[in-house]
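We will go from stop to stop.

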Amino acid sequence: MNSNNKTLPDKNGFFGDYGGKFVPETLMYALEELESTYKKLKDNPEFKDQFYKDLSEFVGRPSPLYFAERLTKHYGTGSIWLKREDLNHTGAHKINNTIGQILLAKHMGKKRIIAETGAGQHGVATATVAARLGLECHIYMGSEDVQRQSLNVYRIKLLGAQVHAVDSGSATLKDALNEALRDWVTNVDDTYYIIGSVTGPHPYPMIVRDFNSVVGEELINQSKELFNSMPNAIVACVGGGSNAMGAFYPFINIKETRLIGVEAGGEGVETGEHAAPLNDGTPGVLHGALSYLMQDDTGQVKGTKSVSAGLDYPGVGPEHSWLKDSGRAEYVAVSDNAALKAFHEVSEFEGIIPALETAHAFAYLDTLMKEFDKKANIIVNVSGRGDKDINTVAEIDGIKF
Amino acid sequence: MNRLTKTLSDLKDNNKKALVAYLVAGDPDISSTIELMNLFVESGVDVIEIGVPFTDPIAEGPIIQKAHDRALKNNISLESIFNMVGEFRKHNNETPLVLMGYLNTFIFYKKLIEENHNNAIDSILVVDIPGELNLKDYGINSSNINTISLISPTTKINRIESIAKNSTGFVYYVTLRGVTGASNLDVNEISNNVEEIKKHASVPTLAGFGIKSVEDAKLLSDCSDGIIIGSSIVQMIEESSKSKEFDRIGNYLTEIKKAIL
């Protein structure tokens, strides 16, 4: 297997064995239309100018690469650097992708925008860009997530979008995706579906990765500037995997940089109660792509468990499955408890309250930093800020407002 | 010649339209499903489509989704469905049986499908693969299982030909943009598209998704080789499953069969 490969996906949308287009026939045309539009636009100078202009003026990019002085001292080994995606407008990396996709929607003349959301960050980021263009916007969200992310639900509504709570199945992110796909099948002629992660049928994993790759591209320059070498490792949390993929992709051919994805270990990978398909799943088809999947012994998709709504998903983007099998990236998992501990520590050490998703990446530093000496530079992708998680964490800590 | 091919060609020879009826295996339980399959046959159903329950059935509307959930609560797997079909085949070796479901389940049970004991199953319809492809493309080799491919109102004309040619059971024309059980039928569009498909297909073209009444059934059978009814039956199964009195379903199917002849 050749892992020195940035030419994927192939023409059928596969990254090695993973990916593809597994959707009802009604959507095949929409996927082809999207792919041909994207191919036409992605290297078009005007399109690129508009994308980077929006990222700069509306999102506030580039996001800083920030030296985490107290965390570095705490571990006493290598230097820890934080890629501050939490400072983006709307508070997470999700906006990078929606800025790009809304330009595609506009170019295709679509009048109606739909999206799924787990933690609500992608819902907020989608509602934001839709509002900016005055487009009708519908966000699908599992009813369990509507409960635990009520702050983001209200933000989405403030931005003029409608939130549809989804009760079917496990009432979380995967069910929101099912419902968004059903909406798309029904309204395919005038509707653009902004998928929020590097999941779903081809060409979405490629498109979402490309728009999010601005993160990794900035990291290459910032690393040269700040420590005059490439980082020894980049650590990012992985649910569907968009923040990790955006950070990893430009580094695929930079072999001195270890790429480490951290999945949601829930109650512990050994208990089976988690959301870590790359650690404890097998290949299967969900939401249009073949990838590692949590499934039971009859081929049904298993329920997941994670304190973090944004990681609570039984599947993962197909390119991550490919990076895992080819050995180019490493995938580990940390438990809810470890993530919660990191959530508090990072808040106190650095004055940054990270998203619970991001806290998983931080939690892995306990293990990882032992592997490095003082000269090493480690980057943590701070995928989002934790304001949205205050209610969840307060409840766990037994605090009532 | 397998049962499906034979049944459809006999109907065609007699200038009759096919009635395909759908239910979800194990909804409300396996013994009821067998009972319902027998009832379907008695009521004039030509082909039975057995829904294979899946946790994430993205092409289904709320009625069939709920049926999948009910079946999964009974721990229905493809293995138990093959056993159920074996039971049914003990007294019926004529009615064609089609499994309809999602790729993940079929990949998972590759061996079981390849063995297809006693040729119990005649065809497999995979909802979530491109119409040009069939199970062989996913490493499942079973020579006695026909391919049924879906074509929808959004399928571009250049693909209609290759999908129609890929179908060896029948071409399943999805009559609307939407999930199963939706209600936005456009008869003109359906009639034009079915005509286009028929230019390329060597097997019959049947219409399904969104047929809710005897009138819909009549209308669509006029412009196709037959019709597929799902959600409205599944709804009735849900309503009668407590009393297990399924007579109403039999009457409904008999009425439809009369209307489409």
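Predicted model: local features only at pLDDT ≥ 70, side-chain atom pairs only at ≥ 80, totals over all residues.

Stop 1: Colour the strands of chain B. Nine of them form an open sheet, in the order 5-4-3-2-1-9-8-7-6. The pairing is parallel. Now find strand 5 (146–147) and strand 6 (149–151) of chain B. Each has a single partner strand, so one side of each is left without a neighbour in the sheet.

Next, select residues 171–174 and 205–208 of chain B. These are strand 7 and strand 8, which run parallel and are joined by four bridges. Look at B:V174: its bridge partner in strand 8 is B:G208.

**Stop 2: a ring pair in chain B.** Show the side chains of B:F54 and B:Y102. How far apart are the rings, centre to centre? The distance is 5.7 Å, with 20° between the planes, and the pair is stacked. B:F54 lies in the loop between strand 2 (47–51) and helix 3 (62–73), while B:Y102 lies in the loop between strand 3 (97–101) and helix 5 (103–108), so the pair ties together parts of chain B that are 48 residues apart in sequence. Are the two residues buried or exposed? Both B:F54 and B:Y102 are buried.

**Stop 3: rings in chain A.** Select A:Y38, A:F47, A:F51, A:Y52 and A:F211. Ring pairs link these residues into a cluster. Then move to A:R209. Its charged end sits over the ring of A:Y249, 3.8 Å from the ring centre. For another such contact, select A:K324, whose charged end sits over the ring of A:Y292, 5.4 Å from its centre.

**Stop 4: the largest pocket.** Helix 1 (25–41), helix 2 (45–59), helix 9 (204–212) and helix 10 (214–227) of chain A each give two or more residues to the lining. The pocket holds about 400 Å³ of space. Its lining has 10 nonpolar, two polar and eight charged residues.

Stop 5: Select A:H93, A:K94, A:G310, A:L311 and A:E357. They lie nearest the centre of the largest cavity, which 30 residues line. About 340 Å³ of space lies inside. Which classes make up the lining? There are eight nonpolar, 18 polar and four charged residues.

Finish in chain B with B:T180, B:F209, B:I229, B:G230 and B:S231, which lie nearest the centre of the second largest cavity. Its volume is about 130 Å³.

Note on methods. Residues numbered from 1 in each chain as written. Chains lettered and ligands numbered in written order. Heavy atoms only, no water. Phe/Tyr/Trp six-rings, centres within 6.5 Å; stacked < 30°, edge-to-face > 60°. Buried < 20%, exposed > 50% of the residue type's maximum accessible area, 1.4 Å probe, protein only. Lys NZ or Arg CZ within 6 Å of the ring centre and 35° of its normal. 1 Å grid on protein atoms, 1.4 Å probe; cavity = no way out; pocket = protein on both sides within 12 Å on 5 of 7 lines; lining within 4 Å. Points joined across faces, edges and corners; volume = space filled by probe spheres on them. Nonpolar A, V, L, I, M, F, W, Y, C, P; charged D, E, K, R; others polar. Pairing = 2+ DSSP bridges.
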